[in-house]
Amino acid sequence: MTPAAFGGLRAEGLALSRGERRLFTNLSFTLGAGGLLRLLGPNGSGKSSLLRGLLGLAPLAAGTLFSGTSASAPPLRPRALCAGALYQGHASGAKGELTALENLALSAALDGTAGPADESVLREALASVGLARQRDIETRRLSQGQRQRLSLARFALALRVPARPLWLMDEPSAALDAEGGVLLARMLAEHLARGGAAIVATHLPVAPDTGRIDELRLDDFAPRRGEAREAQAAGAAA
Amino acid sequence: MTELGTLAWALRRDLRLAMRRRGDALNVLGFFALACSMFPLAVGPQREWLTRIGPGVIWVAALLATLLALPRLFEHDHTDGTLDAMIASGRPLPMVVAGKLIAAWLVTGLPLIVLTPVLAVAFSLPMHALPTMLASLVLGTPTLLGLGAIAGALTLGLKAGPTLVTLLCLPLYVPVLVFGAGAVEAQVSGLSPAAHLALLAAGMLVVALAAPPVAAQALRISVE
């Protein structure tokens, strides 16, 4: 089955605050099928918050999302992105008491990428990320890097079906070894080649050698000092 | 996955997790049994006193045991990121919450009810009142759990969460306690418990319908 291509996403004038502090304002980007948006910026510049904001896990202070890259694209309903997206956050998203295989089966059922009957598919996905021997080990006994590989197995499954064409990854390679980095780049390349899209927050080079890669430096959109103070004053007054 | 599929997914998931963490459920059950058995030691072994306080004691202990189980309902999922994954999946969150609540009741509520006949004997509760005692718990404990889930979702991630859950829940639990213990009381004194049980059932229906969507919304706010 060839996965359906990503329909496109356009963001206009996004702003996001964390507590009293405005992280970025007036951020806009366009992401089409086969495109990868790489989020860069120092710690605390809002890379994770932007990913969470797109999914509705964190409130956007301003801005609109459109489903499509053209100027006439209709606005997205809040949280509408979730159904077609696959998100990997900071935390592992795996239950420590369950084995790697059980965790992957649960995630795959939730993501709609593999049913409980597809155990051979799940085993294959684990093998493809180098966890064949850790299949029946409780996840809490895995190393940080192995847990990150387990998250990658979710994405490996998503390559099979068209259900989730937008990948949102938060530091997917932070704990991976060099080989794991290559694996991630290869998976991203395959995903983009099939018409998928990805937004990846990372400070490490994970860029695959295919696909259209854009970089978004979040510190470029940080409010200037005066603005920050105004925003704070406005917040305090409110 | 359909809406009911999502519910079944969450139910199976939490039951499997409970099997791996049997200690949690056993703690709740142990607390319930021990709390009940403290009372005969404190008030003395006079039969008529025990019969008098028995229903109330069992009900208060069941209520406190439920409170004990509440902090774990969402806390683990919140810290290990699986709650984020459930929300980000775009699946209907109320169904996930409903599945989790059914699992929580099977793991913590049902064992309390199974243990109750033993405690009823210890309090020399008249045998004809036992069915009413069990019925009141079957109807009342899901209500306690549902109300607690809303409080647990609202206070998720707060440092004082478990304490706040107790403070938020106890006032809401008062009617359930009054009608639950009241039903048994009525049966013991030869009156019909039907009115009490009907009110408990009505409360349970309202909470069963309202708790999943309300707790789901509270979870969305808590993860922000």
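Before anything else, one cut-off: I call a residue buried if 20 or more other C-beta atoms lie within 10 Å of its own, and exposed if 12 or fewer do. Please also keep in mind that this is a predicted model.

With that cut-off, look at strand E7 of chain A, residues 197-201. Five of its five residues are buried, so the strand is largely enclosed by the rest of the structure. Which way do the residues point? A:Ala197, A:Ile199 and A:Ala201 point one way from E7(A), while A:Ala198 and A:Val200 point the other way, and all are buried. For chain A as a whole, buried residues make up 44% of the 238 residues.

Now the neighbours of E7(A). Strand E3 of chain A, residues 35-40, is joined to E7(A) by four bridges, and the two run parallel. In that pairing A:Leu37 stands opposite A:Ile199. Strand E6 of chain A, residues 166-170, is joined to E7(A) by five bridges, again parallel. There, A:Leu168 stands opposite A:Ile199.

Stepping back to the sheet. It is open, has five strands in the order E5-E6-E7-E3-E8 of chain A, and its pairing is parallel. Which strands are at the edges? Strand E5 (85-88) and strand E8 (212-217) of chain A, each of which pairs on one side only. From one strand to the next, the twist averages 15°. E5(A) is held to E6(A) by four parallel bridges, and A:Ala85 in that pair stands opposite A:Leu166 of E6(A).

Two helices to point out on this sheet. Helix H1 of chain A, residues 47-55, packs on the sheet and touches E3, E5, E6 and E7 of chain A. The direction of H1(A) makes about 145° with that of E6(A). H5(A) also packs on the sheet, touching E3, E6 and E7 of chain A, and its direction makes about 145° with that of E7(A). Helix H5 of chain A covers residues 178-193, and together with E6(A) and E7(A) makes a right-handed β-α-β unit.

For the overall layout, chain A has six helices and eight strands. From the N terminus on, the elements of chain A run β-β-β-α-β-β-α-α-α-β-α-β-β-α. Among contacts in chain A between residues at least 6 apart in sequence, 72% join residues at least 24 apart.

A:Arg79 has 16 other C-beta atoms within 10 Å, so it counts as partly exposed. The C-alpha atoms of A:Arg79 and A:Gly96 are separated by 28 Å, with the two residues 17 apart along the chain.

Last, the contact between the chains. How many residues does each chain put into the contact? Chain A puts in 23 residues and chain B 19 residues. On the side of chain A that touches chain B, helix H2 of chain A, residues 100-111, gives the most, with five residues. By class, that side of chain A has 13 nonpolar, seven polar and three charged residues.

To recap: E7(A) has five of its five residues buried, E3(A) pairs with it through four bridges, and E6(A) through five. I'll stop there and take questions.

Note on methods: Residues are numbered from 1 along each chain as its sequence is written. Chains are lettered from A and ligands numbered from 1 in the order in which they are written. This is a predicted model: local features need pLDDT of at least 70, side-chain atom pairs count only at pLDDT 80 or more; totals for chains, interfaces and linings use all residues. Two residues are in contact if their C-beta atoms, placed from the backbone, lie within 7 Å. Ala, Val, Leu, Ile, Met, Phe, Trp, Tyr, Cys and Pro count as nonpolar, Asp, Glu, Lys and Arg as charged, and the others, Gly among them, as polar. Two strands pair if DSSP finds at least two bridges between them. A crossover is right-handed if, with the strands pointing away from the viewer, the path from the first strand over the helix to the second runs clockwise. Axes are lines fitted to C-alpha atoms, for helices over the stretch in contact, and angles run from 0 to 180 degrees between N-to-C directions.
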